[in-house]
Amino acid sequence: MAHIKINEDLPGIRCLMDFRPETAVPLNALAEVLLRNDEGLNKGERELIAAYVSSLNDCAFCQSIHGAVAAYYLGEDTVVNVKQKFKEADISNRMKALLSIAGCVQLGGKFVTEKEISFAKNEGASDIEIHDTVLIAAAFCMFNRYVDGLGTFAPDDPEMYEFRAKKIAEETGYANSSPQ
Amino acid sequence: MAYINLEKDVPGIRSLALFRPDTGKELYKLAQVLLRDDSPLSQGERELIATFVSSKNECTFCTQSHAAAAGYLFHNDTQMIDLVLTDYQNAPISEKLKCLLSIAGKVQQDARLVGDEDVANARKHGANDRDIHDTVLIAATFCMFNRYVDGLATMTPADPVLYGQMGARMGEFGYIAPSPTI
């Protein structure tokens, strides 16, 4: 049971966006700018960072839906491997360096040090890519807390997430997605 | 020195909003809706929650600037604000706000720690669904802002006078994304 009276038919963040549409607007707009963009990082890489941070925060709903969107672009195996041990996953060194920054952000802003940043720059990461990585990781430290702090419900059915992920990737994105 | 090439002499979140205006715009809108627009919590109470969470996350820029905004909204009662940060159970604030700060503290640590009894306790002292929702989302949002500001090592001014000016601006005009000076 959620901590506040929401539409219990809607899972995760969707019931909260239905509860308070006024905050849903900038939250969805932020997700759209951060995740639905191929400049610098591509959509799959952005979703992978979101899924990775959500898995570190152990947020079932967010890691399932963003894991499913990342899998839409990069394949299921990559997502599973990144969540388990990203350093051994079949991704670029640049992406590994950015995930390592994202992991520091998840612990707290001050955990990011010159070491991680220069490693990422040496692997070819640009300022905007480092910026977007930090903000995606920080934003999921918000989304995860919002979803879990109000005790929302996360369905177990992987097909539900795959269905929504395909819809997000092919039709709605985040700015035009409806909670229903 | 910031980790990326930000405009010099611009502090904290403002330097990031200038670096990437399309995310900056949405972040300022979110702050405005959460901290200034309609809520059963007063603007001052919401700034206190933001300050409290930022202080737990040890983000000096966000703590100082939102403490200054709270100071502006609470007629410079800095003693009360300091006590909220160090020992909120003994601060001169309502029991309801104490319960909400306890929920905010759990969201800051790990949101799954927020339990039924925390929520029941807040309700017993008059909190409704919107109070609880807004508290959790403000606390969660500052877990983002704090990480964003510190994760990129943005400039944190030391001069308290500067924070006083920021607080007055935030208290009076709310959250308006900075526009480039050039």
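Colleague: What classes of residue make up the lining of the largest pocket?
Modeller: This is a predicted model, so take it as such. The lining has 14 nonpolar, 3 polar and 2 charged residues.

Colleague: Which residues lie nearest the centre of that pocket?
Modeller: I13(B), R14(B), Y28(B), M170(B) and Y175(B). They belong to a lining of 19 residues.

Colleague: And what is its volume?
Modeller: The largest pocket comes to about 310 Å³.

Colleague: Which helices supply the lining of the largest pocket?
Modeller: In chain B, α1 (12–19), α2 (21–35), α4 (60–73), α8 (129–151) and α9 (160–173) each give at least two residues.

Colleague: Now cavities. How many of 30 Å³ or more does the structure hold?
Modeller: The structure has 1. The volume of the largest cavity is about 300 Å³.

Colleague: What lies nearest the centre of the largest cavity?
Modeller: I13(A), N28(A), F61(A), H66(A) and Y174(A). By class, 14 are nonpolar, 4 polar and 2 charged.

Colleague: Which elements of chain A line the largest cavity?
Modeller: α1 (12–19), α2, α4 (60–74), α8 and α9 (158–172) of chain A each supply at least two residues.

Colleague: Switching to the interface. How many residues does the contact take from each chain?
Modeller: Chain A gives 44 residues and chain B gives 44 residues. Between them the chains bury about 3,700 Å². Carbon and sulfur atoms carry 67% of that.

Colleague: Which residues in chain A lose the most area to chain B?
Modeller: H3(A), H131(A) and R145(A). Together they make up 19% of what that side buries.

Colleague: How many salt bridges count between chain A and chain B?
Modeller: There are 3. One of them pairs R20(B) with D132(A), with the closest N and O atoms 2.9 Å apart. Polar contacts across the interface come to 18 residue pairs.

Colleague: Which elements build the side of chain A that touches chain B?
Modeller: α2 (21–35), α6 (93–107), α7 (114–122) and α8 (127–149) of chain A each give two or more residues. The largest share, 15 residues, comes from α8(A). That side of chain A divides into 22 nonpolar, 10 polar and 12 charged residues.

Colleague: Where do R112(B) and D58(A) lie?
Modeller: R112(B) is in the loop between α6 (95–109) and α7 (116–124) of chain B. D58(A) is in the loop between α3 (43–56) and α4 of chain A, so this pair joins two chains.

Key: Residues are numbered from 1 along each chain as its sequence is written. Chains are lettered from A and ligands numbered from 1 in the order in which they are written. This is a predicted model: local features need pLDDT of at least 70, side-chain atom pairs count only at pLDDT 80 or more; totals for chains, interfaces and linings use all residues. Side-chain values use heavy atoms; hydrogens and water are left out. On a 1 Å grid over the protein atoms alone, a cavity is a set of points where a 1.4 Å probe fits but cannot get out, and a pocket is an open set with protein on both sides within 12 Å along at least five of seven lines; lining residues have an atom within 4 Å of a point. Grid points are joined across faces, edges and corners, and a volume is the space filled by probe spheres set on the points. Helices (H or I, at least four residues) and strands (E, at least two) are DSSP runs, numbered from the N terminus. Ala, Val, Leu, Ile, Met, Phe, Trp, Tyr, Cys and Pro count as nonpolar, Asp, Glu, Lys and Arg as charged, and the others, Gly among them, as polar. Contact means heavy atoms within 4.5 Å. Buried area is the accessible area (1.4 Å probe) that two parts lose on being put together, summed over both. A salt bridge is a side-chain nitrogen of Lys or Arg within 4 Å of a carboxyl oxygen of Asp or Glu. A polar contact is a pair of N or O atoms within 3.5 Å; within protein, one must be able to donate a hydrogen and the other to accept it, and residues adjacent in sequence count only if both atoms are side-chain atoms.
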